[in-house]
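Subject: Structure handover

Dear colleague,

Please find the structure below, followed by notes on what was found in it.

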Amino acid sequence: MGHWSSRYSPRTVRRHYAVLQAILNAAVEGELLGRSPCRGVKLPPPSNRQAPAVGPAEMERLVAAVGPGAAPLVYVALVLGLRWGECVGLRVGDLDFFRSALTVAQQRPANGRGPSEPKSSAGRRTLTAPATLMAILADHLARRGLTGADAAALVFASAAGDPLDYSNFRRRVWLPAIRAAGLGGLTFHDLRRANATAMVLDGVDVKTAQARLGHADPRLTLGVYAQATDEGDRLAAERLGGRFLSSPVKLGPRDGRAMAGGGAPLPERHLSV
C-alpha cells in the first residue's frame, strides 16, 4: 500500500484497494483463503484538490502551449466535456459535419488499446457541436490526410496512426504545456470539469448538462463536476439583489440600537457582542 501511495493519487489508491479487497473477499467466500489481508489497512485521506479555473484566457494559453497537433483534442475535451477515453475513441465516421454533431460510440483505455462500449447507455450520446469546433476538426482531418472515406480511422492518433497512449501524451505534451501556460496542477480531466462548470454558469439546465456529459445520475453532474467560482458567486449576488432589493424599503435614521420585531428598541443587554 505504501508503494501505491508513492506512485498514485489518494483517489487512485482507494480505487485500487477497493478492487483488491473485492477479489480477496471473493476468495474467502470461495474458501480459497481463510482470511482476507485487507483488514485494518490505513488508506490515504481523500484529496481536496481544487482544480485550477479554466476560462477563455487560460484556454488560449493552453491551446497555444500544446501546439496545433494536440489543440483540437483539447478543444473537444473542453467544449464538449468528453473524457480522455471518449476523445481518443472518436472515429472519422463519428463526426457529422452536415448536422454539426459528434457521436460518442466507443472509448479507449489510457493505454490506447482495444476499444470498448461506453460505461453506460447514457455514455453513448450524440452532441451538437459549435460550427467553429467542427471547422477545427475538419482542418485537423485535412492535415492528417483523412476524408469521409476513412470512417474507421481514429480522429486523434499518433503520427503513425496508432491509438494515443495517455502516459506518453501526458509526459510529452500535457505536462510541458501546462507549465508553459502557467496552469501547473491542471489535469486533462479538469477540462471536463470546466465544461460542466461553464454549463452551470451559463444557465444550462441540469438535464441537458447531464445528457451532454453522459452521466446516468444528475447528482454526479452537480456534486462532482460543477465547481463554485468567483464569477458564479458574483452572479448569484447580483440576481438575489435584483430579486429582493429592486425596491428597497427606506430605513429610518440609525440610532445605534437594533429594533425588535414590534419596532421597540432592544434592551441594552442585547446589544453587547
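**Core**

In this predicted model, the largest nonpolar core has 41 residues, of which Leu62, Val76, Leu82, Leu137, Trp174, Phe188 and Leu191 touch the most other members. A nonpolar core here is a set of buried Ala, Val, Leu, Ile, Met, Phe, Trp, Tyr and Cys residues joined through side-chain atoms within 4.5 Å. Buried means under 20% relative accessible area, exposed over 50%, and partly exposed in between (1.4 Å probe, protein chains only). Two or more residues each come from helix H3 (56–66), helix H4 (71–80), helix H5 (84–88), strand E2, helix H6 (131–143), helix H7 (166–180) and helix H8 (189–201). H4 gives the most, with seven residues. Helices (H or I, at least four residues) and strands (E, at least two) are DSSP runs, numbered from the N terminus.

Leaving aside neighbours within four places in sequence, leucine 82 is in contact (heavy atoms within 4.5 Å) with Val76, Ala77, Cys87, Leu90, Leu102, Val104, Arg125, Leu127 and Arg192.

**Conventions and confidence**

Residues are numbered from 1 along each chain as its sequence is written, and side-chain values use heavy atoms, with hydrogens and water left out. As the model is predicted, local features need pLDDT of at least 70 and side-chain atom pairs count only at pLDDT 80 or more, while totals for chains, interfaces and linings use all residues.

The protein chain averages a pLDDT (the predictor's confidence in each residue, from 0 to 100) of 83, and 82% of the residues score at least 70. Over residues 269–273 the pLDDT is below 50, and beyond near neighbours in sequence this stretch has three contacts in the model. Where pLDDT is low, the predicted coordinates should not be read in detail.

**Sheet**

Three strands form an open sheet in the order E1-E2-E3, with antiparallel pairing. Strands E1 (95–96) and E3 (125–128) are at the edges with a single partner strand each, so one side of each has no neighbour in the sheet. Two strands pair if DSSP finds at least two bridges between them. E1 and E2 have two bridges, and E2 (residues 101–104) and E3 have four.

Leucine 102 in E2 stands opposite leucine 95 and also opposite leucine 127 in E3. Threonine 103 stands opposite threonine 126 in E3. E1 and E2 form a hairpin with four residues between them, and serine 100 in the turn has a positive phi of about 55°.

**Salt bridges**

The structure holds six salt bridges, each a side-chain nitrogen of Lys or Arg within 4 Å of a carboxyl oxygen of Asp or Glu.

- Aspartate 94 pairs with arginine 91, the closest N and O atoms being 3.4 Å apart. Aspartate 94 is buried at 9% relative accessibility, whereas arginine 91 is partly exposed at 26%.
- Aspartate 96 pairs with arginine 99, the closest N and O atoms being 3.8 Å apart. Aspartate 96 is partly exposed at 24%, and arginine 99 is exposed at 57%.
- Aspartate 190 and arginine 193 meet at 2.7 Å, N to O. They both lie in H8, three residues apart, about one turn of the helix, and both are buried.

Salt bridges that share partners also join Arg83, Glu86 and Arg125 into one network.

**Serine 36**

Serine 36 lies in the loop between helix H2 (10–29) and H3 and is buried, at 9% relative accessibility. Leaving aside neighbours within four places in sequence, serine 36 is in contact with Leu24, Asn25 and Val28.

Regards
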